[in-house]
Amino acid sequence: MTDKAPLKIHDLRPAPGANKAKIRKGRGEASKGKTSGRGTKGTKARNTVHLGFEGGQVPLQRRLPKLKGFSNALFKTTYQVVNLDRLGELFPEGGEVTVEALVARGAVRKNQLVKVLGTGEISVAVNVQAHAFSATAKEKIAAAGGSVTEL
């Protein structure tokens, strides 16, 4: 048996041909000089184009309006809606229907305005307290013997 010395990190070398020198483009005619592999003329042969350039088309930042203007969307009132058929499911025995009772039964989220809409039918008498009602909801609740109170 031959006694070999252990392998050391400073003895390691890459395999022959594994390390190649970086191509230095644009450094003379000898290798990749002159146009440096970019061909001749055109945008791609020159420097990069600026951000937002769309090939001569009017760019997006110029197509959109400069000033914001005024919109009433900021002052829009949004309601949590509850339909009459849902009220009939949640309160089959009738009675008082308040916003707190609807929140407790999971029909609406708390701290939100509630509007009752007239989709579906209701057969029990309910006294509904909400922030808004549709005209058909008022009629149907009154026809069933209930009452409507706007908060």
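**Reading the labels on this model**

Q: Why does Phe 75 count as exposed?
A: Its relative accessibility is 57%. Exposed means over 50%, buried means under 20%, and partly exposed lies in between (1.4 Å probe, protein chains only). So 57% puts Phe 75 in the exposed class. Phe 75 sits in the loop between α1 and β1. Its C-alpha atom is 27 Å from that of Arg 63, twelve residues apart along the chain.

Q: What kind of model is this, and what are its ground rules?
A: This is a predicted model, where local features need pLDDT of at least 70, side-chain atom pairs count only at pLDDT 80 or more, and totals for chains, interfaces and linings use all residues. Residues are numbered from 1 along each chain as its sequence is written, and side-chain values use heavy atoms, without hydrogens and water.

Q: What makes Leu 7, Ile 9 and Leu 12 a patch?
A: Like charges are joined within 9 Å, and nonpolar side chains (Val, Leu, Ile, Met, Phe, Trp, Tyr) within 5 Å. Leu 7, Ile 9 and Leu 12 form a nonpolar patch on the surface, with about 390 Å² of accessible area together (Shrake-Rupley method, 1.4 Å probe). Ile 9, in the segment before α1 (60–63), is exposed because its relative accessibility is 73%.

Q: How do you know that β1 and β3 pair?
A: Strands are DSSP runs of E with at least two residues, helices are runs of H or I with at least four, and both are numbered from the N terminus. Two strands pair if DSSP finds at least two bridges between them. β1 and β3 (residues 114–117) have four bridges, in the parallel sense. Therefore they meet the definition. Gln 80 stands opposite Val 114 in β3.

Q: Why is one side of β1 and of β5 left without a neighbour in the sheet?
A: The open sheet has three strands in the order β1-β3-β5, with parallel pairing. β1 (80–83) and β5 (132–133) stand at the edges, so each has a single partner strand.

Q: Which strands pair with β4, and how do you know?
A: β2 (residues 95–97) pairs with β4 in the parallel sense over three bridges. In β4, Asn 127 is the bridge partner of Glu 96. β6 (residues 147–150) also runs parallel to β4, joined by four bridges. There Ala 130 stands opposite Glu 150.

Q: What makes the side chains along β4 alternate?
A: They point to two faces. Val 126, Val 128 and Ala 130 point to one face and are buried.

Q: What makes a set of residues a nonpolar core?
A: Its members are buried Ala, Val, Leu, Ile, Met, Phe, Trp, Tyr and Cys residues, joined through side-chain atoms within 4.5 Å. The largest nonpolar core has 19 residues, and Leu 87, Leu 102, Val 116 and Val 128 touch the most other members. Elements giving two or more residues to this core are α2 (84–90), α3 (99–104), β3, β4 (126–130) and α4 (135–143).

Q: Why are Lys 32 and Asn 111 put in two accessibility classes?
A: Lys 32 is partly exposed because its value is 44%, while Asn 111 is exposed at 76%. Lys 32 lies in the segment before α1; Asn 111 lies in the loop between α3 and β3. Lys 32 has a positive phi of about 50 degrees, and Asn 111 has one of about 60 degrees. Most residues other than glycine have a negative phi.

Definitions and conventions:
Patch = residues over 30% accessible without salt bridge, like charges linked within 9 Å, V, L, I, M, F, W, Y side chains within 5 Å. Salt bridge = Lys/Arg side-chain N within 4 Å of Asp/Glu carboxyl O.
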